[in-house]
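Here's a quick tour of one chain, taken a piece at a time. Have a look at the fold first, then read on.

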Amino acid sequence: MTEFRIATDLVAAENDKRAAALKSEYEALGAALARRDVDIEAVTKKVSEFFVAVPSWGVGTGGTRFARFPGTGEPRGIFDKLDDCAVIHQLTQATPTVSLHIPWDKVDAKELKAKGDALGLGFDAMNSNTFSDAPGQARSYKYGSLSHVDAATRAQAVEHNLECIEIGKAIGSKALTVWIGDGSNFPGQSNFTKAFERYLAAMAEIYKALPDDWRLFSEHKMYEPAFYSTVVQDWGTNYLIAQTLGPKALCLVDLGHHAPNTNIEMIVARLIQFGKLGGFHFNDSKYGDDDLDAGAIEPYRLFLVFNELVDAEHRGVKGFHPAHMIDQSHNVTDPIESLISSANEIRRAYAQALIVDRKTLADYQDANDALMASETLKRAYRADVEPILAEARRRAGGAIDPVAAFRTSGYRKKVASERPVSAAGGGGII
Ligand SMILES: [Mn+2]
């Protein structure tokens, strides 16, 4: 039985206030889309079946390298985090799973599973951490982990990843995401080739321990914490990793882990074409790995990424089922509100991509009509699909306006009375 922390009556009452307006807006949009030969019901159904995982570390205030300003009522540990994640799913009906981070979320696996079951939440990809030292750890990752020059440090990092797989198996996860902070700050500090050889050998050990129905995601990042070179710096290196390790190894694309202006949608297309797109960490950025909310800065780029995903779906690409996860850091907003909003933005980009007229687009491409090809994409992007998103939420039992319902519920105030302000928290940016 799912434990609702926000009363279902409250959600229903909030929806009653907005139901008539939604009905009329949904009908108007349905009529407009029908004139383009788009069946609104088909789009709503697809959107209802699209889910994105919430990161456990996202429900706390993240902070930057300079400071962290904790919010009120922040989660004290993983069980509080799961409560917050359940609220996000209750209102959006878009986030039924949580992506855990070990060791930040390390508790008894049986208790984790029981709490997830009670809240109606499942577990998405496990995330290992060899980019910081856990208390009491024998060897330090200051100079690297899976690519460290010292074999015993590499073995310790491998062992940690195997532990993440074991915890994941106990709670129903089916994937492991590996992101490492390994790299160098000075030319000459590290031998690029030797470091990558060591990394590949360590990853092969992890790959060997992966259950048959699991996937191993490697995540690239061009810089930070290392500022001169990172061992897994770009999608080319990431592709080499996935290719070298085997069929269960796939590339994870974190939208923030690229140089500004990088054509990420094209990277996505390439990875799809060669069967190596594992999934996403959705977020947005202006300058670097800013970890801003998905769709906050460049919603058109998010749409273009989804255009590639829907194109692949449309073409029936074999074995195509990328993992969708959010990975962002909240510094000036209520994390629950940011995650609600981001889940909606991600679904919005998907809905817009679903209404692209693909036949017309292909015809313009074949006719070298650049202007009309671009207009075809823009036409879908300009459509206000909010009624589809709201109707999908309403039908599934979520809120027509989830942020408004969250604010009306007083949830944050209520949990603040149980949860003291935390200076440490379990924030993190990966
Ligand atoms: Mn990430």
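Predicted model: local features only at pLDDT ≥ 70, side-chain atom pairs only at ≥ 80, totals over all residues.

Let's start with strand 2 (residues 97-99), which is joined to strand 3 by 2 bridges, the two strands running parallel.

Zoom out a bit and you get the whole sheet: an open one of 3 strands, ordered 1-2-3, with parallel pairing. Its edges are strand 1 (54-55) and strand 3 (122-123), each of which pairs on one side only.

The average pLDDT for the protein is 96, and 98% of the residues score at least 70. The stretch to watch is residues 425-429, where the pLDDT is below 50. Even so, that stretch has 22 contacts in the model beyond near neighbours in sequence.

## Helix 5 against helix 6

Now over to a helix pair. Helix 5 covers residues 151-171 and helix 6 covers residues 192-208; their axes come within 9 Å and cross at roughly 35°. The crossing of helix 5 and helix 6 is right-handed.

Which residues make the contact? From helix 5 it's Arg154, Ala157, Val158, Asn161 and Leu162, while helix 6 brings in Arg198, Ala202, Glu205 and Ile206.

Definitions and conventions: Residues numbered from 1 in each chain as written. Axes fitted to C-alpha atoms, helices over the stretch in contact; angles between N-to-C directions. Helix = DSSP H or I, 4+ residues; strand = E, 2+ residues; numbered from the N terminus. Left-handed = near helix turned anticlockwise from the far one by under 90°. Contact = placed C-beta atoms within 7 Å. pLDDT = per-residue confidence, 0-100. Pairing = 2+ DSSP bridges.
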